[in-house]
Amino acid sequence: MSMTTHVLKTASCCFAILRRIRSIQNSIPQSVVKSLVVSLVMPRLDYCNVLLAGLPRQLTDRLQAVLNTAARLVYQARRSDHVTPLLYELHWLRVPQRIEYKLAILAYRCLHGLAPSYLSADFCKTSDIDSRRRLRSASRLTLVVPSTCHATIGDRMFPVAAAKVWNSLPSSTTMAKTLEAFKRELKTALFVRCYPEH
């Protein structure tokens, strides 16, 4: 199955669930609508979304359309209503940032011995390379981004995509002592990146 097929099937399934929720929306409170969306739609959107890193924008836009529809459903907003304030109010990351969130968590797990060795083996800290130890980036916990032969396919490989996301994070986030603290800092950093105007 290609990524296009996967994205289209995921979006189709999510839209079907949202239609079912809409059919009972007037009989249940808003909090229940939100709970149904979070429990039935979000897991499908986030399932294996690390594999979606580096996909063309038209594919991630299809999944973003699901998220936008879900936000409008929760607030009973019209299709013409601007969705950014709704997503911001719900504290939902956009699809690209949701993918980055998962990549960064996997990178953290790899760097702290919480992931399988077959994933961790592909990561190399900048400070571990002799020629880079004196660089300013070596004082931060940054990763070496492996070089690739093919810009589109190679950049989608987990070690490349995860290293790029990791290196884009503020040091206050990457230096978190525990996974839970890292998740909190990461969500905040990505949320600010996602909604810079708020």
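**Entry 1. Helix pairs**

I take axes as lines fitted to C-alpha atoms, for helices over the stretch in contact, with angles running from 0 to 180 degrees between N-to-C directions. Helices are DSSP runs of H or I with at least four residues, strands are runs of E with at least two, and both are numbered from the N terminus. I note that this is a predicted model, in which local features need pLDDT of at least 70, side-chain atom pairs count only at pLDDT 80 or more, and totals for chains, interfaces and linings use all residues. Residues are numbered from 1 along each chain as its sequence is written, and side-chain values use heavy atoms, with hydrogens and water left out.

I looked up α6 with helix α11 (residues 179–194) and found that their axes come within 10 Å and cross at roughly 150°. For contact I use heavy atoms within 4.5 Å. On the α6 side I list Gln97, Glu100, Tyr101, Ala104, Ile105, Tyr108 and Arg109, which meet Leu179, Phe182, Lys183, Leu186, Lys187, Leu190, Arg193 and Cys194 in α11. By class, this contact has 9 nonpolar, 1 polar and 5 charged residues. Ala, Val, Leu, Ile, Met, Phe, Trp, Tyr, Cys and Pro count as nonpolar, Asp, Glu, Lys and Arg as charged, and the others, Gly among them, as polar.

**Entry 2. α6 with α9**

I found the axes of α6 and α9 within 9 Å of each other, crossing at roughly 100°. The two helices are therefore roughly perpendicular. From α6 the contact takes Glu100, Leu103, Ala104, Leu106, Ala107, Tyr108, Cys110 and Leu111, and from α9 it takes Phe158, Ala161, Ala162, Val165 and Trp166. I record 12 nonpolar residues, no polar and 1 charged for the contact of α6 with α9.

**Entry 3. α2 with α4**

I then checked helix α2 (residues 30–40) against helix α4 (residues 57–75): the axes come within 8 Å and cross at roughly 160°. α2 and α4 are therefore roughly antiparallel, and α2 passes α4 in a right-handed crossing. Gln30, Val33, Lys34 and Val37 of α2 meet Ala70, Leu73, Val74 and Tyr75 of α4. The classes here are 6 nonpolar, 1 polar and 1 charged.

**Entry 4. Pocket and cavity**

I searched for space on a 1 Å grid over the protein atoms alone: a cavity is a set of points where a 1.4 Å probe fits but cannot get out, a pocket is an open set with protein on both sides within 12 Å along at least five of seven lines, and lining residues have an atom within 4 Å of a point. Grid points are joined across faces, edges and corners, and a volume is the space filled by probe spheres set on the points.

The largest pocket holds about 230 Å³. Its lining has 13 residues, of which Ala53, Gly54, Ile99, Glu100 and Leu103 are the closest to the centre. α6 (95–111) and α9 (158–168) each supply at least two of the lining residues, and α6 has the largest share with 4. I count the pocket lining by class as 8 nonpolar, 2 polar and 3 charged.

I found 1 cavity of 30 Å³ or more, and the largest cavity has a volume of about 40 Å³. The largest cavity is lined by Leu45, Asp46, Asn49, Leu52, Leu63, Val95, Arg98 and Ile99. α6 gives the most to this lining, with 3 residues.

Notes. Angles under 35 degrees count as roughly parallel, over 145 as roughly antiparallel, 65 to 115 as roughly perpendicular and the rest as oblique. A crossing is left-handed if the near helix is turned anticlockwise from the far one by less than a right angle, and right-handed if clockwise.
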